[in-house]
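Here is a short report for a first look at this model. Keep the sequence and the structure side by side while reading.

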Amino acid sequence: MSDVFDPKKPVDEHRAEHYVDPRPFNPETVEELSEEQERYYQASQWQIMWWKFKRHKLAVWSGVILILFYLCVPFAEVIAPYTPNTRDSQHLYAPPQPVHLFHEGEFVGPFVYGMKSEIDMTNLKWVFTPNYDDVQPIRFFCSGDPYEFWGLFDADFHLFCPAEGGSLFLLGTDRLGRDQLSGLIYGARLSLTVGLIGVAISIILGLFFGGLAGYFGGFVDSAIQRLIEIMRSLPELPLWMALSAALPVTWNPVWIYFGLTVILGLLDWPGLARAVRSKLLSLREEEYAKAAVLMGAKPKRVITRHLLPGFTSHIIASASLSIPSMILGETALSFLNLGLRRPSVSWGVLLNEAQNISVVTVYPWLMAPVIPIIIVVLAFNFLGDGLRDAADPYK
Amino acid sequence: MIYYMVRRILTMIPTLLVISFLIFLIIELPAGDYISNQIAALRTSGESASIAKLEFLRKEFALDRPFFERYLIWIGAWPGPNGFDGLLQGNWGWSFEFDKPVNEVVGPTLPLTIVLNFATILFVYIVSFPIGMYSATRQYSWGDYGFTFLGYLGLAVPNFLLGLILLYLFNRWFGLSVGGLMAPEYIDQPFSFDKLMSILAHLIVPTIVIGTSGTAAMIRRLRANLLDELHKQYVTTGRAKGLTERKLLTKYPLRMALNPFISDIGNLIPSLVSGSVIVSVVLNLPTVGPVLLSALQSQDQFLAGFILLFVAVLTLFGMLVSDILLAVLDPRIRLGGRAAS
């Protein structure tokens, strides 16, 4: 103002014309949020996580695939055409029967060709060749092998079954003529749940030890820290092997299964405990936690109301990343004959048949369980990555 | 430096004690022991002639003592039936199944186990370093996407299944047996150059199989670390001052990213050793893996215990080496240790 001041001019001419913008004015306009932003700032933590997660397309699709796989867990009996331990002595090591739609240029719907079997006396094995005159249409929503649904009532309803008197081995059969596909579907029941229960155990242990270390600090903290370090420096698989070899052989399959999940969870918690501890330590210093303490909240309330919600999302994400390693652990143990055994069926138990390489080269379809294992593990990895990114507030 | 190393080695002693105790606890978990199970089996079949001998053996191996005494005798800190005679005195125990001392059973397999694990670690380093660097410097290029995809696959395919698949494919396509330590014609042959070559050739597949998931993990980490560094301002400054890209990369960001790269290998070693155990079973390699499996199945406790301990010591040793490497690389660590104590 001072440099444009011209003393020769009268004061009035310096004054600008008074102007008022007729549009309505709100002094807080700079800080006003758009509707979008308002929604974001008022959303709960979980809603924000969900929005972020949705943007991670790969993770969402992995989640969908996993849900499909997990549908096999409650409905294995209905989905599988056979029961996993049904033996067909006419079809030992039968190859997979591909599904066809057209027979001699004519549409018949999905069907398989029957198989002719002859014995090969030089190699002492059955040789199966498709019999192109024998059209066996697949039946849908039909009654087939009887089973006990959820161990509650008898039923024989299947989503699809072989033609009357025919066979339907879409992935071939094993040494005793058991259907591989049905084995895979039933196997999902144990293979997929082993990780969930194992992770639950590992979360409980991790929360307990991590919480103890993070909350008490001092001697307890350093003792638990040392223990975690030692546990993490031990190779997991040999210990799993030793522990599962210690399960009594006289136990029934259900007990063996739970024993295995406990073993898998027992060695997995250190990583989680360490995460819980460091999160607790850093959250304890946050202002809102201090404020709660200053307002006279008891430790229990501080932990459950202020600290825990701060890292549940984080824990879920890191737990979902350790599920695949447990699934693989169970598979490896059963594959080595140290885990589950028939009549329990898991993917590792099925792979057990493929242990002998000379058998695998002749009957490659015995390796079929490899495919769902890889898909599930990949899907869990992507899902876990997506969850972790979504749970990270700084991204 | 020497001070740091000594301190680091001394801290291993309590760790080893805890580990040996855990392992002893685990191998003692199954009900009974090898000999008492045999006695029970003989009793049920009505035989009694050899029971007395077995009872004597139980005494001889101190299996009738209480748990803690057995543990101390095993590690050699308590007088057993033959005085102090345990791991500390160099007696690795007795294998009931083979009816031989443990060192005769596992002795021949130990060098190969060490060689295999060492080769795998080298493989992980050599392969993941250039790929991680490439992926970070050419982020979002086709090569980066390709390696990322391969990396995910490598992480997802469990190593023993990868071994199984490779075994099948090699057999199918080349009629080659990749299992075993050497080609069948060299077994029982005197040692020669060809035999050595055959052994080396057979080591390639297991090394790749065991190392894949570790390599994938390392690539991801190196890529992430290097990317973090590359986005920092000093890199922009350097570039603005006209440093060549190559010099810019190797002079600062790479050095910063190298630290976690070295220390992460320590975290990776347990899973590598785990992998070598099961892959050896699948590929039929004469390492400690198959011996451990059979020992566990027949409850051959001292044999299993020794192998578990050996595997654990191998991992600890690997971590020690990675820590020392880290200290050589980073003065903050070796000097920090002194300042703190």
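## Domains of chain A

The centres of domain 1 and domain 2 of chain A, taken over C-alpha atoms, are 39 Å apart. Domain 1 covers 97-168 and domain 2 covers 182-391. These bounds come from an automatic or database domain assignment.

This is a predicted model: local features need pLDDT of at least 70, side-chain atom pairs count only at pLDDT 80 or more, and totals for chains, interfaces and linings use all residues. Residues are numbered from 1 along each chain as its sequence is written, while chains are lettered from A and ligands numbered from 1 in the order in which they are written.

## Annotated segments

An unreviewed UniProt entry marks "transmembrane region" in chain A at residues 58-80, 194-218, 255-276, 307-328 and 362-383. Positions follow the numbering used here, feature names are shortened, and annotations may be inferred rather than shown by experiment.

Residues 194-218 of chain A are 96% helix and 0% strand, with end C-alpha atoms 36 Å apart. Residues 307-328 of chain A are 100% helix and 0% strand, with end C-alpha atoms 33 Å apart. Helices (H or I, at least four residues) and strands (E, at least two) are DSSP runs, numbered from the N terminus.

## A hairpin in chain A

Strands S1 (residues 100-103) and S2 (residues 106-120) of chain A run antiparallel, joined by three bridges. Strands pair if DSSP finds at least two bridges between them. His100(A) faces Phe111(A) in S2(A). Two residues lie between the strands, and Glu104(A) takes a positive phi near 50°.

## Chain B

Chain B has 16 helices and two strands. Its C-alpha trace spans about 90 × 60 × 35 Å along its principal axes.
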